[in-house]
Structure formats: C-alpha cells, structure tokens
Amino acid sequence: MNTTFTTVLTVSDPVAVLTRQALRSVWKGIMYRGGQWVLDVDVRKYFDSIDQAKLRELLARRVTDGVVRRLIDKWLKAGVLDNGQLSYPEFGTPQGGVISPCLANVFLHYVLDEWFAAQVQPRLRGPSTLVRFADDFVVILAHKDDAERVLRVLEKRLGKYGLELHPDKTQMIDFRFKPQSDHDDHQEPLATTFNFLGFTHVWVTSEKGRAMVRQLTAKDRVARTLKAIRRVRRSMRTRPLRDQHQRLCRMLKGHYAYFGISGNYERLATLPHQVARIWRKWLSRRSNERSMPRVAFTKILNLFPLPQPRIVHRYAKP
C-alpha cells in the first residue's frame, strides 16, 4: 500500500524532532519500500507566490469561526515596508510574520499532500513516499516511469495554484544502488546523491557487505557551522577562556543534536578538530603570536576540552 508522509511545521513545534521524523521516512522509503527514483523538488519563491484568494478558499474548508477568519485576513493584509515604501501585495504571506509558516503549510497540505494521496498514488505502478517539511519536499518512487509521470503532473498541479517549480533546482535523480569493484573504499558514494534538510543521502556498503543509505551532514552545512564559529570567535577573542569555551561547547552540542544520527559519526568527528584549529588561530592573534605553540594549546584543551560527537538518534541498522 502506498503511503504519504508529511510534516507540519508551526512556530511551536520542536523542529529537530520533526526533522528526524522526515529523515527517517526518507530512509525507510528507500530501504524498506524500494525507492530508486527521487524527485528533489524546489518551489520557486514559495512564500512570495501564495495566492491569497486561493489560500482563503482552502482555509474556509476547515476554519469556520468568523473571528479567526477575520484575524487571518488582517495578517494577510498587513503591509510590507521595503526601502521606505509601503505596499500591500496580493500574493504571498507576511514576511517574518509568526502566522506565515502555519498558513504556508495549510496551503501546501491541500495543494500537494491531499492531492498526492488521493489522486496520484492510486495510479502509480509501484510504492511511493512523499516527505514534506514546510515547502521543502522529496518524492521517492520505485519506478522511473512513475517518477516521470509524477514530475509532469506535479508541475501542472502547482501551476494551477500559482506556484512554479524551480527549473534548475528541481530534478529527477536515479538513486539505484550501483556496486563498486572490490578494491574501492566501501565508504565511497555508490550512486548519485541528493540533499534534504541539511543531509546528503548516499549509498554505502556496510562492514557486513550490505548496501545501506547513509545520511551525512551536507558539506555546505559544515561550512555554515564553521563560518558561524569563526564569526563568534572574532567577537569573543578578548573574553576569558572560560567564556569562549562555553560558547563553543554550546555551538558544537547544538550541531551534534541536529546531525547526530546513525551513520554520520565520521563526518561529525571532523568538526571538533576544525573548531580547535580555529580557536588556536584566534588565541594566537590575541597573544600577538604567529602560531600558538602546540604544547600550550594542548594544555588549554586539557583544561577546557571540546565536546566530542555522539550519535543521538539511532534507526539505521548496519
């Protein structure tokens, strides 16, 4: 039986929990449901393109309280101040408004989720899984012809509601497992990869010789974390070592809490070494040294050790 998985993101939801649910569903869609073709979908300027009139029509299906409806109308009619100019756009949800994620989710729920489950999946030749997190979603299918059909009808469906697929970022990916020769490193990618929610999905061969999908921290997310740490280090280089250490620990633990899932340990393990290099560099500048001696920096790390990575969320068995 075909299944659809959707995640609803609101301002009060624990985002990390919902992200893990979505990632687990992607993994199961490939490993347990035979997903071999992935539609990696990007909706161009989604939050700016929502037709407010159509959104009101969809809201009317569920929201009957007139007071709530009028309150939502006031949010939608809120003006946008840009470079001193006040405008009242008829498309899109309020930029920065607390209600925007909720309204955007409601819109895609009716436009995409219900339509896919009711009209698309019954007509497919094989199993399929739709995983959506806000406006970011992938469709995992077992057959190439199903993937081609879904991509065609998806463009028409979104166009009916004023939305447009990004022509460069939307793609159909052949994610079938492709064995390597015996002499290759078993941890090298064995198929085309795709990114979803900050993770790169790739086939590997486990130590037991089993083909597995791994979800590894995407390289751009590692770069983003290191950039944030460099920015913090510059702003805190005159602060006491204890304050610097506490801030770095919080940032590293936050990274581990999000990316610490099964199969991702090796990529996580590279981060504390990179952070240590950044810290040593800025301590050297504070002391006007070209490079702090390794012995001196080792003593600092012994007093203020950086937290080591750990797998917080386990679900992928080797």
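Reply: In this predicted model, a search of the whole structure finds eight salt bridges. Three of them may be examined in turn.

One of these pairs is Arg 56 with Asp 73, whose closest N and O atoms are 2.7 Å apart.

Another salt bridge joins Asp 146 and Arg 149, with 3.8 Å between the closest N and O atoms. Both residues lie in helix H6 (residues 144–160); because they are three residues apart there, about one helical turn separates them. Asp 146 is buried, its relative accessible area being 0%, whereas Arg 149 is partly exposed at 35%.

A further pair consists of Asp 174 and Lys 178, and here the closest N and O atoms are 3.6 Å apart. Asp 174 has a relative accessibility of 19% and therefore counts as buried, since the cut-off for that class is under 20%. Lys 178, by contrast, is partly exposed, with a relative accessible area of 35%. This pair also belongs to a network: salt bridges with shared partners join Asp 174, Arg 176 and Lys 178.

As for the general principle, side chains of opposite charge can pair when their charged atoms come close.

Notes: Residues numbered from 1 in each chain as written. Predicted model: local features only at pLDDT ≥ 70, side-chain atom pairs only at ≥ 80, totals over all residues. Heavy atoms only, no water. Salt bridge = Lys/Arg side-chain N within 4 Å of Asp/Glu carboxyl O. Helix = DSSP H or I, 4+ residues; strand = E, 2+ residues; numbered from the N terminus. Buried < 20%, exposed > 50% of the residue type's maximum accessible area, 1.4 Å probe, protein only.
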